[in-house]
Amino acid sequence: MDERRALRGHGVGLRHPHYDDFFRATPEVDFVEAVTENYLAPGGRPLAALMHVRRELPVALHGVSLSVGSVEPLDERYLVALKDLVKRVEPVWVTDHLSWGRRGGHYAHDLWPMPFTEEAVRHVASRVRQVQDFLGRRIALENVSSYAEYRASTLTEWDFLNAVVREADCRILLDVNNIFVSTANQGFSPERYLDAVDASRVVQLHLAGYSDEGTHLVDTHDAPVFDGVWALYERAVERFGPVATLIEWDDRLPPLERLVDESRKARRVEAQVLARGKRVAG
Ligand SMILES: [Fe+2]
């Protein structure tokens with residue numbers, strides 16, 4: 001299956017304060033994204049809610065614990081549980097982050113960026129291949145937001161991302177907000193980043209809100225999408241065409257209808273860009 005064309009449209013995240021809403025009525029969205037780790041335990045209300053949603057809508061599974069960039073071996077128990085969940089849910093995509101967060105068997109609650117080096121490309125790509133071989137399907141990796149860069153880095157972030165996904169033969173979940181946050185924090189152009197991403201690999205986009213700490217932006221997912229990110233989303237649609245787009249909202253969570261409204265806005269923005277018919281080369 002060509003995952004690029006598996007699904008288009010607009011989605012929201014499945015979050016536990018909204019389970020009752022999902023049980024009551026299916027929201028007007030094209031897909032739902034569920035955070036993998038919340039559904040690994042067999043049974044219970046979370047899985048019941050997810051399976052209910054799955055009967056109504058396509059589901060994407062979005063993980064935070066793969067830690068594909070760490071140096072210690074992949075967590076086999078996690079992979080077995082993930083494979084079971086994938087079998088049960090038959091998600092449209094299985095995604096996680098191009099980051100590391102596991103050391104000495106302990107998980108950090110952060111998604112730390114990678115040093116952008118050739119050595120790290122080979123390391124991460126071989127681990128992604130292991131994961132894909134084990135799951136029997138491709139995954140997509142998401143670019144994380146960053147607040148500084150490693151002195152060891154020899155590649156740009158976008159060259160690193162492209163090199164990893166080509167060598168691993170996986171897909172990209174491109175978080176437009178994370179590009180905005182990282183480039184604002186590090187003083188480079190978000191357009192240059194976006195324009196350099198390998199369009200043939202992008203299967204899904206994320207939009208979210210950040211918080212402005214004065215000296216830097218933090219990727220907090222606790223607010224509506226800001227104007228600068230909407231402008232970058234327009235450019236993303238010009239560049240990639242209609243790609244499935246998710247509104248991420250995790251903290252200070254509003255009613256489900258507010259999330260759906262935000263995804264309607266993304267739908268309108270996408271439609272306007274497509275109607276203009278302008279495409280960014282590349
Ligand atoms: Fe994201």
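Me: What makes you say that S8 is largely enclosed by the rest of the structure?

Reply: Quick caveat before that: this is a predicted model, where local features need pLDDT of at least 70 and side-chain atom pairs count only at pLDDT 80 or more, while totals for chains, interfaces and linings use all residues. Residues are numbered from 1 along each chain as its sequence is written, and side-chain values use heavy atoms, with hydrogens and water left out. Now S8: buried means under 20% relative accessible area, exposed over 50%, partly exposed in between (1.4 Å probe, protein chains only). In S8, 5 of the 5 residues are buried, so the strand is largely enclosed. Arg-171, Leu-173 and Asp-175 cover one side, and Ile-172 and Leu-174 the other.

Me: How do you know which strands S8 pairs with?

Reply: Two strands pair if DSSP finds at least two bridges between them. Strand S7 (residues 140–142) is joined to S8 by 3 bridges, and S8 pairs with S9 over 4 bridges, so both pairings pass. Both are parallel. Glu-142 sits opposite Leu-173 in S8, and Asp-175 faces His-206 in S9. By the way, strands (E, at least two residues) and helices (H or I, at least four) are DSSP runs, numbered from the N terminus.

Me: What closes into a barrel here?

Reply: 8 strands do, in the order S1-S2-S3-S4-S7-S8-S9-S12, with parallel pairing. From one strand to the next, the twist averages 25°. Angles run from 0 to 180 degrees between N-to-C directions, with axes as lines fitted to C-alpha atoms (for helices, over the stretch in contact).

Me: Which residues count as donors to the iron ion?

Reply: Glu-142 (OE), Asp-175 (OD), His-206 (ND1) and Glu-248 (OE) coordinate the iron ion at 2.0 to 2.3 Å. Donors are N, O and S atoms within 2.8 Å of the metal (3.2 Å for Na, K and Ca), and water is not among the atoms, so sites may look incomplete. Asp-175 in strand S8 and Glu-248 in strand S12 are 73 residues apart and link distant parts of the chain. Both of those residues are buried.

Me: Why is the arrangement around the iron ion called irregular?

Reply: The 4 donor atoms subtend angles of 86 to 170°, which makes the arrangement irregular. Tetrahedral needs all angles between 85 and 135 degrees; square planar for four, or octahedral for six, needs opposite donors over 155 degrees apart and all others between 65 and 115; anything else is irregular.

Me: Why is Arg-252 called exposed?

Reply: Arg-252 has a relative accessible area of 65%, so it is exposed. Arg-252 lies in the loop between S12 and helix H9 (256–276), and its phi is near 45°, a positive value in a residue other than glycine. Glu-90, in the loop between helix H3 (76–89) and S4, also counts as exposed, with 55%.
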